[in-house]
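Opening the notebook on this one.

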Amino acid sequence: MKKIIIALAMGIAALCATAATSTKFTVNGMVCSFCAQGIEKRLSKMGATKDVFVDLKKKTVAVEAKDGQVLDAKAISAEIVDAGYDVVKIETVLQSVAEIKAELKSRK
Ligand SMILES: [Cu+2]
């Protein structure tokens, strides 16, 4: 019985360790690929950023943190606002940026 519980606990811990999270920003004002590139460039320069993805159609900017680092959502949205866009929503999703990209491709 004890063994089963330990195995279960380890399974849960492994799940938590592998579940990547990203922070998604809903941004108004991005209209072309230059907007997207500009935002990607700015956010990529931030220390904790591992990956950035801009989806113009959905008006979202997704940012993933480097392993063991935490994203500063306030600093990121300040950076987006500073670039001339409006941040209307911030949410955390249980997906890596690579997964968000893959999901978008599979829908096309
Ligand atoms: Cu543009």
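**Contacts of Val52**

I started with Val52 and skipped residues up to four places away in sequence; what remains in touch with Val52 is Glu40, Leu43, Ser44, Val61, Val63 and Val97. I'm working on a predicted model here.

**Core**

Next I looked up the largest nonpolar core, which has 18 residues. Val52 turns up again, listed with Val61, Val63 and Ile80 as the residues with the most contacts inside this core. Which elements give two or more residues to it? I get β1, α2 (33–44), β2, β3, α3 (73–82) and α4 (97–107). The largest share comes from β3, with 4 residues.

**β2 and β3**

Then I checked the pairing of β2 (residues 49–55) with β3 (residues 60–65): they run antiparallel, joined by 6 bridges. Thr49 has Ala65 of β3 standing opposite. I also went through the hairpin of these two strands, where 4 residues lie between β2 and β3. Lys59 in this hairpin has a positive phi, near 55 degrees.

**β1 and β4**

How many bridges join β1 to β4? I find 7, and β1 (residues 22–28) runs antiparallel to β4. Within this pairing I noted Thr26 opposite Lys89 of β4.

Note on methods
Residues are numbered from 1 along each chain as its sequence is written. This is a predicted model: local features need pLDDT of at least 70, side-chain atom pairs count only at pLDDT 80 or more; totals for chains, interfaces and linings use all residues. Two strands pair if DSSP finds at least two bridges between them. A nonpolar core is a set of buried Ala, Val, Leu, Ile, Met, Phe, Trp, Tyr and Cys residues joined through C-beta atoms within 7 Å. A residue is buried if 20 or more other C-beta atoms lie within 10 Å of its own, exposed if 12 or fewer, and partly exposed in between; C-beta atoms are placed from the backbone. Two residues are in contact if their C-beta atoms, placed from the backbone, lie within 7 Å.
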